[in-house]
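The following exercises concern contacts between parts of one chain. Each task sentence is followed by a solution in steps.

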Number of protein chains: 2
Amino acid sequence: MANKADHIDDTCQVALMPSGRQGKVKRGTNLLKAAQELGVELESICGGRQTCLKCQVIVEEGHFPKLGVTSSAVHLSPLTSRELELSQNERLEGRRLACAAEVVGDLLITVPEESQARKQIIAKAASDRTIEIDPAVRQVYVEVIPPELGDTRGDWERLVEALEEQWGIKEPAIDIRVLPTLQTALREENFAITLTLWQDKEVLRVQPGYKEGIYGLAIDVGSTTVVAHLCDLRTGEVLATEASMNTQVRYGEDLMSRVSYATSEAQGLARLNRAVILVINDLAEKAAQKAGLVVEDILDVVIVANPVMHHILLGINPKELGGAPFALAVDSALDLKAREIGLSLHPAARLHLLPIIAGHVGADNIAVQIAETPYEQQEITLIVDVGTNAEIVLGNREQILVASSPTGPAFEGAQITHGQRAAPGAVERVRIDPVSLEPRIKIIGYDGWIEPDMADQLPADVRATGICGSGIIEAIAEMYLAGIINANGLFEEACVERSERVRYGSRTGEYVLVDSSLTATGAPIVVNQNDVRAIQLAKAALYAGTKLLMAHRKVERVERVVLAGAFGSFISPLHAMILGLIPDCQLDKVVAVGNAAGDGARFALLNRGLRLKAVELARWVQHISTPLESSFQDEFVAALNIPHARDAFPHLAEILPDTPKNDGGERRRSRFRNRMSN
Amino acid sequence: MANKADHIDDTCQVALMPSGRQGKVKRGTNLLKAAQELGVELESICGGRQTCLKCQVIVEEGHFPKLGVTSSAVHLSPLTSRELELSQNERLEGRRLACAAEVVGDLLITVPEESQARKQIIAKAASDRTIEIDPAVRQVYVEVIPPELGDTRGDWERLVEALEEQWGIKEPAIDIRVLPTLQTALREENFAITLTLWQDKEVLRVQPGYKEGIYGLAIDVGSTTVVAHLCDLRTGEVLATEASMNTQVRYGEDLMSRVSYATSEAQGLARLNRAVILVINDLAEKAAQKAGLVVEDILDVVIVANPVMHHILLGINPKELGGAPFALAVDSALDLKAREIGLSLHPAARLHLLPIIAGHVGADNIAVQIAETPYEQQEITLIVDVGTNAEIVLGNREQILVASSPTGPAFEGAQITHGQRAAPGAVERVRIDPVSLEPRIKIIGYDGWIEPDMADQLPADVRATGICGSGIIEAIAEMYLAGIINANGLFEEACVERSERVRYGSRTGEYVLVDSSLTATGAPIVVNQNDVRAIQLAKAALYAGTKLLMAHRKVERVERVVLAGAFGSFISPLHAMILGLIPDCQLDKVVAVGNAAGDGARFALLNRGLRLKAVELARWVQHISTPLESSFQDEFVAALNIPHARDAFPHLAEILPDTPKNDGGERRRSRFRNRMSN
């Protein structure tokens, strides 16, 4: 009989949807383990104790010939008392807890998306990029054996044993600030606790009983702007985004003046360091508040920054970055405690800094690449990350070159007469009627175009306070299209006759973009010759850098352009090209993505594999040092023109002013109507 | 010809003294490497760069038939220019730098002791125990490639490469407080630096050029006394020893009252923690000053403490240690940064805490065992570590049992009418003439016996301020021998007639140990009935604990006794036995070793292998929980008698009072004369 029994098939066929994975498992196998054996990881915090309710699955009923399965609810062991209780409270909705059920017959199981471990999320609303949620910190529920007389082991040592038995986690450490909380937490709910672990190596938090909720912060520290995204590390959801001026600007607007301040002032480095740490702490506080959390809920942080910001954050004097050979103190990715640099989050919160590529190409650039994945593309992609120090990336999956370009802060609204950071009140969009030279604008915080005579129709608090980066780019491109300035960027003296908005005197002109009736101060907002010049210098630095990389990469044209930048509104691709900020390209292949560095930081926060990818990338991409290139100066001068002194822009043929320009305005007006729909 | 050349013997015979190691090495081998190949590690900080001058060796000249070597100075390559320069400055004294010389013929080399790596030192003046100097931190000298344009690696990454190339050290980390010092240090002496490394894993310090000097602190945190030894980690030398009262005593004299204070007062734990951290910082400061150093020179710390002190140091509330099952928060050895618990030393200084055995047997007991090595002995050894919470160790290499015994702080001078910590002015030795009942004393700070009538002959500042632990033990034992108190510890009322020093009234007596002429206050120092009672209770707890361990270990007697204790003066073995603090034993087998816990901490500071040994020991020794034993109370009551109610002390037969006691005093006086020579 025994021998005969051995021949009875004691396996069951189990198929899992939507993955389609299937195979045989031993009869009596726990369904959570069966799924695991077949390669499907179900979510679980409690480790199979019918506590977290994360592993809910649906049993399909019926005969499925292609799978060779006749599936039925009775092919699982009966509902446990815990499941019955949950069903009575309508918390299971006909589903089973995989951890509570044993396989006793063939099954077709559907795993709802929320029960899948390592869920995919759409990472950005504007693209279909997905990210697998696999953060560096996670929660696990553990039940520890209570102490008793004769057992001399400490509570921690008994917890370590439980972690290995229940989760297979070996030799973890515990943060010294967290250890003092262990004994009380263990005794609060009868030696059941939820741990928050970093890389399964270190205990960062101990909470009594079963708890859920783990949050992280992705931070892009720009020279002018600091942006923080507060994320739910289980769902990937962005709960709050906060941005703020980097208050270091009071010690110097661009990177070099901050390097100089850190080097020449006795307390310079300490002041710069304190300024940015305070900004980050403030953003964390605001973001947490907005999300209904406290900063102590934040357990992991990813920071990206350019090398100067990165060094200052770590308390390293950036003086070596102020001159050749631009030696970094450190370029590797760093794993620290957030408290070690003065961040006020959870006491044991971790901090990850992405690696640096070179003296002036930082972790922020790595983050941009992580967000935009040029290393996966076939098309030759140009990524221009517009900031105080702009970075340029050029290449595809075969080779990627990077360079930095010291554009200065003009694109962020600094060095512009009425410039400001992107914030409510900032002019973010501009169109200028090429005949009447009358402007239409959009203001952050108000949805719709505003014409000069609309002051009475607008709510009293909708008034312009200044021009932000996207606004100044559009304003100058439109001024050029309208003939207010010429290809050299000089105001056309003749325009004063066409409109009172154009004023000219002492060889310098200005254009009244916003009348006093529409401004918060009651004084008009203008764009003057200095503003045009500042933008020309900044865009020429970008363009020249791009050309150098194209020469190195031996390409005549780029197939795709990504415009990134930490300013609130996206740059208009059309206007960026009209201005000659980027080389000619098919217009529908030029996209503006906003703060890609912040996105990349967020992705590295949500997926630790991307942190490894970043390390690999930092080693693989090639850095071109623009100051070393003899042709840079020549390219720079040619790029000062709008759009360029010699390069052709065939894709703008229908848009750029003709020579001769004067056709009575009809063609201009018709093109203007087209631009209004952009 | 080529073939023939292959057959010429291109090896040389090299013998090294005093190790006696010898063998063949390839002609042309660097002598430092040759010695290494033959198993002799020479000292080197500079890694073979003729900089540290640590690898000096002596070339013996002559024919040594037994070794098969004809050795000559010309069998090494000629002096290098560096060696010539050193010779002119008389810094080589005819020796060679092993790293500068190549082997070109047979050699007999003597390696002077100072050139041997991992030197042995005599660990304690009182014993012949030797310790190999192999600390957890060491210095290495590294030369780093300077940065240049086109090399995008950071200074740290280039240093990591150099460390692997020059020292074979892989993947080191660098403390985040130290990283900011790297770039300046590298540039100060042309990219040559000396690193201080912890376990070859982490850079703790970066010093420009070639530097020598590395120091550590071994600390024994007792309930009543804190002791710190400042050691040179290259020579093992103790540069300074400082001791201080544990200022926690203001919050409670014994462990249980501190546990209670930590539990019941809102700021209790924080106050206790701050008190002991301040004491340690103060001791470090004083020790550094005494050694001509600053606290920033201290790079490694080993702390031993009982479990309550250990937990408080780490900011862990010791409340669970206040009651059964006496659950520790953690028992493992811990490696931390010293700054993490608030110590003010070098910013990156490491801290090692030895493991704990059980709820009331701490790292201090492990340290005592490391110092006294009962686990290597064949003799059944009893170690009694006398402190506020005493620990008892019993066993040998086959099995070791440990227990704790709550003696209270009487042995440390607390709870004694005129008790005080061992410090200048404390009475540390006592002899009482059994006939006249006149005392002779020794006072810490004065060398020699002092009799009652010597006030005029002594320097004015030699006056008694109180009685320390060793003094009170001798005083009470001598009072018993002199018949002032009886075996029950009660004052013999009849003695008032023998001497005015004995006073008796209201059923309680006292003995004037120091006349007012010899005290600092001008008031006499007395030992009264309460003092005797306090010592009886304390010694009975120790004796009863010892008896329990003997019962568990199934031994009738102990073969060796070690009396350890953190009080300044050693306990007199004879008086400890007369008092019945320890069981009967051959007198020359009873030794007093002073602060063995502090010694053990010091050994673990000097030799990292002993830290591993401690971990192994903590797992191996067996803890006996005295409160669990039903026979404890019975043993305790029997042990209250002096020396004991029923146990025999055959080794004291010639010393203890006879029954009947009155023989005219002659025998007593002759025994007294013998004791005076102790």
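A salt bridge is a side-chain nitrogen of Lys or Arg within 4 Å of a carboxyl oxygen of Asp or Glu. This is a predicted model, in which local features need pLDDT of at least 70 and side-chain atom pairs count only at pLDDT 80 or more, whereas totals for chains, interfaces and linings use all residues. Residues are numbered from 1 along each chain as its sequence is written, and side-chain values use heavy atoms, without hydrogens and water.

**Exercise 1.** Determine how many salt bridges link domain 2 and domain 3 of chain A, and what area the two domains bury between them.

Step 1. An automatic or database domain assignment gives domain 2 as 137–208 and domain 3 as 217–353 in chain A.

Step 2. The C-alpha centres of these two domains are 32 Å apart. Eleven residues of domain 2 and twelve residues of domain 3 take part in the contact (heavy atoms within 4.5 Å).

Step 3. The buried area, the accessible area (1.4 Å probe) lost on putting the two parts together and summed over both, is about 940 Å², with 59% of it on carbon and sulfur atoms.

Step 4. The count is four salt bridges between domain 2 and domain 3 of chain A.

**Exercise 2.** Identify which residues of helix 9 of chain A meet helix 14 of chain A.

Step 1. Helix 9 covers residues 363–372 and helix 14 covers residues 609–620 of chain A; helices are DSSP runs (H or I, at least four residues) numbered from the N terminus.

Step 2. From helix 9, Ile366(A), Gln369(A) and Ile370(A) meet residues of helix 14, including Leu610(A) and Lys613(A).

Definitions and conventions
Chains are lettered from A and ligands numbered from 1 in the order in which they are written. Axes are lines fitted to C-alpha atoms, for helices over the stretch in contact, and angles run from 0 to 180 degrees between N-to-C directions. Helices (H or I, at least four residues) and strands (E, at least two) are DSSP runs, numbered from the N terminus.
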